[in-house]
Amino acid sequence: MQDKGPGREQQHCIMTVQDSAELPPSGKPFNWRGLFWQCLLMAAILWLGYEAVTNARDNMQARNIPTDFSFWFGTSGFDINQTLISYSAVSTHGRAFLVGLTNTLVVAAAGVFFATIIGFGVGIARLSHNWIVAKLAAAYVELLRNTPLLLQLLFWYNAVLKQLPHPRRSLALPSASLQMPGAATLVAGLGAIVAGYVLIRFSRRDAGGIWQLLARTCGPLLAGVGALMLIFGGTLAGFPAAAGDAFAGMIGFSSGQYGFLNNRGFYLPYPVFAGGMNRVWLVLALGFAAAIIFYLWAGRRQLRTGQQLPRAGIALALTFAPAALVFWLSGAPVGFDLPKPRGFNLAGGWRIYPEFFALLLGLSLYTAAFIAEIVRAGILAVPKGQTEAAGALGLRRQSILKLVVIPQAMRVIVPPLTNQYLNLTKNSSLAVFIGYPDLVQVFAGTVLNQTGAAVQVIAITMAVYLAISLATSVGMNLYNRRMALVER
Amino acid sequence: MNGRDMSWLVRSTGGQREKLNVRSKQAREGDKMKILTSYATAIAVTAALAMTPAIAQGSKSKTLDAVKKRGVLSCGVNTGLAGFSMPVKGKWAGLDVDLCRAVSAAIFNDPNKIKFIPLNAKDRFTALQTGEIDVLSRNGTWTMTREANLGLMWAGVNYYDGQGFMVRKGLVTSALELSQASICVQQGTTTERNLADYFRSKNMKYEPVTFASLNEAIDAYKGGRCDAYTTDASGLYAVRLRLPDPSKHIVLPQIISKEPLGPAVRQGDDVWLNIVKWTHFAMINAEELGVTQKNIDAKLKSKDPATRRLVGVEGDFGKSLGLTKDWAYRIIKHVGNYGESFERNVGMGSPLKITRGLNALWNHPDDKKRGLMYAPPIR
């Protein structure tokens with residue numbers, strides 16, 4: 001048919017649509033065969049699952065292996081040395097499970113915290129322009145990434161922490177107290193800090209050359225030495241200076257033994273707060289709330305007007321300064337429970353077990369190596385044009401990193417970072433090899449062996465790790481979504 | 001032109017659609033056959049899966065049949081406990097190992113047809129429950145919970161022991177002075193619970209340092225992480241040998257528990273239980289009757305009825321166990337009697353030098369040296 005205008009075309013279309021009224025729009029019959037296969041597969045999977053469960057249960061019952069969860073309420077009969085909650089040999093297996101769970105959560109949370117900090121630091125260091133720093137960071141990453149975690153844990157536990165002395169010959173840590181620095185220390189220290197600062201500022205303005213190199217290295221060095229002199233005073237040079245002396249630093253050491261280090265743990269004084277601390281906690285909480293409000297307000301102000309304030313510093317000061325003032329005014333209502341040698345070990349104080357410390361150290365350093373590489377990848381993924389543009393705007397290197405590069409790098413960093421957090425949580429189960437009573441060691445080790453309920457115990461342990469990992473990844477995904485680029 | 005001439009499209013699709021609908025009758029029949037065959041295969045596969053064949057067991061002892069078929073006895077032992085089960089120059093030796101060798105000799109007439117599987121305290125019962133091993137001869141304590149709750153059965157006691165403490169010489173002289181001490185212990189053993197019970201009953205506090213494997217526990221004690229190491233007394237003597245300077249460590253006199261050590265098998269196979277049990281009893285009866293590895297051939301000509309029944313000259317006691325007539329002869333010939341095994345592994349002929357004590361025969365001629373080893377008669 002020839003073209004007779006749009007009207008005729010449309011009529012044609014309508015006719016053809018009407019012609020095909022008996023067929024669905026796709027033109028194909030309903031996929032009955034596909035549906036049949038899917039139902040069959042679903043039925044097969046459900047049947048397999050059912051068979052597995054009933055088969056296991058029947059066989060276990062035939063062998064008189066317990067199939068229920070009544071072991072949960074049985075008396076455990078064994079002790080655990082590190083518990084965050086109260087526990088004794090007459091507690092139930094369920095309570096032992098809680099002890100293992102809290103131990104795992106503590107080491108995982110602490111591990112995640114330290115691994116992130118160290119990882120970010122090493123990752124950024126690896127991109128430094130300072131050749132030695134970059135190579136050291138690279139060596140750290142390569143060494144720790146390529147050796148098995150278990151070997152590292154055993155290294156920290158056996159080769160390092162076990163070499164500490166016996167409790168009867170503990171290393172005593174001298175007690176430290178704050179004092180007014182002496183006149184000589186004040187002059188020398190402050191002078192060095194000011195000189196270093198001037199050098200750093202000077203090095204930024206000039207074009208280059210040997211003087212600038214010297215200034216850039218000596219400036220921070222001088223400032224650092226000045227700070228050390230101010231803080232430690234004469235003890236740096238070897239002669240202890242008492243308070244009031246001309247050479248006294250801000251921290252004075254006395255001969256009292258307030259902390260101990262030995263192969264059974266790190267003992268520190270445990271603060272015992274008196275009633276007067278309630279006011280201090282209240283002021284601290286109020287200060288914290290005020291700091292948060294200030295931080296958010298200052299951020300909005302910066303976006304609106306472009307004027308910057310040192311947000312973090314002022315927030316910290318708002319949190320702690322009023323509380324510290326109230327603390328001093330109340331007469332410092334805190335006593336210390338000191339560790340004292342008693343019998344075989346030390347009693348009292350706050351004890352950090354070598355098993356916990358070895359596990360934390362091993363996990364953090366190992367995972368930090370992986371996080372360092374992720375951070376480096378994220379930073380390198382930000383287009384170089386961003387750095388150059390920020391430089392053209394006149395921002396300093398630290399500001400470029402903090403304000404421009406890292407926020408964009410976070411989009412690339414966060415998903416693999418979640419992986420590393422999950423790895424760390426699951427790797428904490430290696431605590432079994434160094435005697436740290438985590439969930440696997442206590443529950444899937446001792447409780448399983450004492451009760452014989454292997455299937456139930458392992459199922460619960462796996463479910464718990466699954467829950468922890470899912471919670472972590474949900475949290476990280478929420479954060480990721482906030483960071484994501486909103487694309488059209 | 002205002003509109004495009006789409007009539008060609010309509011025509012072509014209409015034509016195509018008509019073409020799709022028009023298939024030859026043969027083609028449509030073929031389609032139907034394909035669909036029917038696919039349904040039929042689906043139903044056949046489901047039916048085949050559903051009819052999981054149940055393997056009928058007609059023989060008396062499933063475990064014995066499996067062992068004979070496999071050709072080796074699968075024996076669960078310790079990772080390395082001197083005197084009980086430890087590889088010495090590549091060959092496993094010990095009191096528990098000897099029991100496994102005796103069972104193997106009874107079945108195969110060869111004490112070396114064994115696959116030794118070293119197990120930690122944590123995994124030993126699971127290995128037995130799941131069938132990975134046929135017999136667990138790993139200085140395991142016979143307790144009610146283990147028999148009632150784990151689906152296992154003990155086939156006797158081959159060593160009567162008790163739990164004790166080892167400390168460095170000069171530290172303390174009695175377990176009652178161990179208040180506030182750190183004590184190394186292996187995880188998942190009766191030791192852990194006995195330790196808790198003892199300190200609770202004496203109202204003392206202590207710090208348990210638990211490890212999954214024996215080696216780590218010993219390392220921790222060696223390194224000074226703990227003041228005392230606790231396990232069965234026989235184990236203490238064995239562990240002391242492994243320390244760099246054994247004379248600097250002492251075993252405290254207090255024995256704080258009953259630890260009847262013996263081999264374990266799975267519940268549900270009574271004939272296999274009997275095999276292991278009577279192997280052990282044969283060794284004790286042999287010592288009672290004075291039959292040794294050296295003189296057993298001479299004893300074949302003995303006139304004593306009990307000896308004749310033991311060596312298989314009279315009666316056929318092995319038959320109902322699925323073994324041969326000379327089952328006990330094989331055991332004594334290849335491994336020796338209980339006394340010989342004891343002396344060789346943990347007694348005066350070994351570095352451990354443990355006295356018979358509770359493990360002496362019940363009818364030792366010297367009143368003061370009588371022990372608990374008593375076997376039912378073979379008749």
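Predicted model: local features only at pLDDT ≥ 70, side-chain atom pairs only at ≥ 80, totals over all residues.
Start with the strands. Five of them form an open sheet in chain B, in the order 10-9-11-8-12, and the pairing is mixed. At the edges you'll find strand 10 (207-211) and strand 12 (249-251) of chain B; each has a single partner strand, so one side of each has no neighbour in the sheet. On average, neighbouring strands here are turned by 30° against each other, if you ignore direction.

Now zoom in on one pair. Strand 9 (residues 182-186) and strand 11 (residues 228-232) of chain B run in the parallel sense and are joined over two bridges.

| Helix (chain B) | Strands it meets (chain B) | Angle to strand 9 (chain B) |
|---|---|---|
| Helix 8 (residues 214-223) | strand 9, strand 10, strand 11 | about 165° |

**A helix tucked inside**

Helix 9 (residues 233-242) of chain B has 10 residues, and eight of them are buried, so this helix is largely enclosed by the rest of the structure. Among the buried ones are Leu236(B), Tyr237(B), Val239(B) and Arg240(B). What covers the buried residues of helix 9 of chain B? The cover includes strand 7 (159-161), strand 8, helix 8, strand 11 and strand 12 of chain B.

Key:
Residues numbered from 1 in each chain as written. Chains lettered and ligands numbered in written order. Pairing = 2+ DSSP bridges. Helix = DSSP H or I, 4+ residues; strand = E, 2+ residues; numbered from the N terminus. Axes fitted to C-alpha atoms, helices over the stretch in contact; angles between N-to-C directions. Contact = placed C-beta atoms within 7 Å. Buried ≥ 20, exposed ≤ 12 C-beta atoms within 10 Å, placed from the backbone.
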